[in-house]
Amino acid sequence: MWSAFLPVLALLGTPTPPETVLPARAGQTATLRVDLGTRELLLNREAPNLLTLRTPWGQVQTRPSGTPHRDPAYAGYFGQVRPALLKVKVPAATKPGRYAAHLTADLFVCDTGDKLCTRRTLKLPVQVQVGNGARPGTLTLKDEHLRPSRLRF
């Protein structure tokens, strides 16, 4: 009986950002910029937030940083989060083409409207496009990506 509801429940999940393409050149460093464009969610400054980019050539990690919230009631949260830069060296012998990678975002967020704090772990696909072009790729995480799923009946 419940199996009939599974496809419907899957549609109620948290939306994910579109797959990110990271242009890169063999023998150079590729940079993924992660923007946390939240409005109603606050990122806890004191929690072990972590962004990890895993590629065929290894992994790199960084912690979000920024300025403290101006409101003393929210002093433990970021008022503004700086873009996080994850840089990975693409080996010189890498052939042109697309290579699967992924970004894991382990973030501690609080919804100011719902008064609900939660740890959100997202695993997001990234495609490293090795070829002639090399510019930073950008992945933007917004409230709808970080807000926990809500089941409504």
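Of the 28 residues in the largest nonpolar core, those touching the most other members are Leu32, Leu103, Leu107 and Leu141. Such a core is a set of buried Ala, Val, Leu, Ile, Met, Phe, Trp, Tyr and Cys residues joined through side-chain atoms within 4.5 Å. Buried means under 20% relative accessible area, exposed means over 50%, and partly exposed lies in between (1.4 Å probe, protein chains only). At least two core residues come from each of strands E1 (20-24), E2 (29-37), E3 (41-43), E4 (50-55), E8 (84-89), E9 (97-111), E10 (116-130) and E11 (137-142). In soluble globular proteins, nonpolar side chains tend to be buried together.

The model is predicted; local features need pLDDT of at least 70, side-chain atom pairs count only at pLDDT 80 or more, and totals for chains, interfaces and linings use all residues. Residues are numbered from 1 along each chain as its sequence is written, and side-chain values use heavy atoms, with hydrogens and water left out.

The secondary structure of the chain comes to two helices and 11 strands. Helices (H or I, at least four residues) and strands (E, at least two) are DSSP runs, numbered from the N terminus. The order of elements from the N terminus is α-β-β-β-β-β-β-β-β-β-β-β-α. Of the 153 residues of the chain, 35% count as buried. The accessible surface of the chain comes to about 9200 Å². Carbon and sulfur atoms account for 53% of that surface. Accessible areas come from the Shrake-Rupley method with a 1.4 Å probe; for residues, only the protein chains shown count as cover.

Contact means heavy atoms within 4.5 Å. Among contacts in the chain between residues at least 6 apart in sequence, 74% join residues at least 24 apart.

Strand pairing was examined next. Two strands pair if DSSP finds at least two bridges between them. E2 takes part in two pairings described here. With E8, E2 runs antiparallel, and six bridges join the two strands. Ala30 has Val88 in E8 as its bridge partner. With E11, E2 pairs in the parallel sense, over six bridges. There, Gly37 has Lys142 in E11 as its bridge partner.

E10 pairs with E1 in the parallel sense, over five bridges. Leu22 stands opposite Val128 in E10. E10 also pairs with E9, in the antiparallel sense and over 15 bridges. Thr104 stands opposite Lys123 in E10. The hairpin of E9 and E10 has four residues between the strands. In this hairpin, Lys115 takes a positive phi near 55°. In a regular strand the side chains alternate between the two faces of the sheet.

A search of the whole structure finds one disulfide, defined as a pair of cysteine sulfur atoms within 2.5 Å. The disulfide joins Cys110 to Cys117, with an S to S distance of 1.9 Å. The torsion about the S-S bond of Cys110 and Cys117 is about 110°, so the disulfide is right-handed. Cys110 counts as buried, at 8% relative accessibility. A disulfide is a covalent bond between the sulfur atoms of two cysteines.

Leu139 is found in strand E11. Leu139 is buried, with a relative accessible area of 2%. Leu139 and Leu36 are 103 residues apart along the chain, and their C-alpha atoms are separated by 8.7 Å.

Thr20 lies in strand E1. Thr20 is buried, with a relative accessible area of 5%.

The structure holds two aromatic pairs. Rings of Phe, Tyr and Trp (its six-membered ring) pair if their centres lie within 6.5 Å; planes under 30 degrees apart count as stacked, over 60 as edge-to-face and the rest as tilted. One of the pairs is formed by Tyr74 and Tyr77. Their rings are edge-to-face, at 6.3 Å centre to centre and 65° between the planes. Tyr74 is partly exposed, with a relative accessible area of 27%. Tyr77 is buried, with a relative accessible area of 17%.
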